[in-house]
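I opened a new notebook page for this structure. These are my entries on what I looked up.

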Amino acid sequence: MAGLVELVAGALWAMLPAYVPNNAAVLAGGGAAIDGGRTWGGRRVLGDGKTWRGTAVGTLAGVALAFALNAVADPVGAAVGVDLPTFPPLAALGLALGAMLGDIGASFLKRRSGRERGASFPGLDQLDFVVGALVLALALAPAWTLATFTLERLAVVLVATPLLHVATNVIAYLIGVKNEPW
Ligand code: CTP
Ligand code: MG
Ligand code: K
């Protein structure tokens with residue numbers, strides 16, 4: 001049991017800098033669309049839901065959270081009796097920017113498959129940012145990523161992330177900050 005708590009706490013802590021960017025982008029959204037309104041094959045390349053401001057603020061929020069977690073990893077870890085990971089700058093950037101890029105990539109795929117802005121794409125919506133975050137973290141901080149995301153932690157992330165994502169988006173919808181509950 002103690003092993004399971006340690007596993008889940010370590011896995012979710014390591015992913016926190018990738019969880020926050022999308023939510024920060026929702027709050028910061030607005031302004032110029034990344035695709036500048038351009039279309040491809042008669043459909044928007046990305047759509048108005050992917051903005052420069054949302055992407056920049058989301059990335060900065062994720063990196064800032066990683067540095068804040070670094071500052072409290074020792075005391076929090078000691079309090080709950082768990083060894084919590086810390087984030088080197090490139091790992092923080094990889095997780096935060098990667099989460100945003102994964103979400104942007106998903107919008108690109110949604111537009112290509114004829115889904116309008118805001119349409120849901122079950123599966124992709126819940127995991128796009130996880131894949132983006134892990135791939136960019138692996139590219140920018142390979143040794144850290146391989147050591148931090150063990151297969152056990154990866155399994156926890158893949159199961160827990162869709163649940164957390166659905167829950168936070170339903171809450172964001174209910175309190176009126178998000179247009180759709182996904
Ligand atoms: N947002 C943003 N920039 C991003 C990601 C999100 O500005 N890179 C903001 C937008 O205001 C967006 C909101 O966060 O409408 C919700 O994000 P998301 O659900 O990812 O976008 P959707 O509007 O649903 O568009 P899409 O169908 O392309 O996912
Ligand atoms: Mg959406
Ligand atoms: K999305």
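I pair rings of Phe, Tyr and Trp (its six-membered ring) if their centres lie within 6.5 Å; planes under 30 degrees apart count as stacked, over 60 as edge-to-face and the rest as tilted. The model is predicted, so local features need pLDDT of at least 70 and side-chain atom pairs pLDDT 80 or more, while totals for chains, interfaces and linings use all residues. Residues are numbered from 1 along each chain as its sequence is written, and side-chain values use heavy atoms, without hydrogens and water.

**Ring pairs.** I found four aromatic pairs. Tyr19 and Phe129 have ring centres 6.3 Å apart and planes at 70 degrees, so I noted the pair as edge-to-face. Tyr19 lies in helix 1 (residues 2-28) and Phe129 in helix 4 (residues 124-140), so this pair ties together parts 110 residues apart in sequence. Helices here are DSSP runs (H or I, at least four residues), numbered from the N terminus. Tyr19 and Phe129 are both buried, that is, under 20% relative accessible area with a 1.4 Å probe, protein chains only.

I turned to Phe87 and Trp144 next. Their ring centres are 5.7 Å apart with planes at 50 degrees, so the pair is tilted. Phe87 counts as buried at 2% relative accessibility; Trp144 counts as buried at 13%. Ring pairs link Phe87, Trp144 and Phe149 into a cluster.

**Helix 2.** Where does helix 2 bend? I found a bend of about 55 degrees at Val72, with Pro75 following within four residues. The bend is the angle between axes fitted to the seven residues ending there and the seven starting there. Just after helix 2, Gly81 takes a positive phi of about 70 degrees.

Methods:
Chains lettered and ligands numbered in written order. Helix = DSSP H or I, 4+ residues; strand = E, 2+ residues; numbered from the N terminus. Buried < 20%, exposed > 50% of the residue type's maximum accessible area, 1.4 Å probe, protein only.
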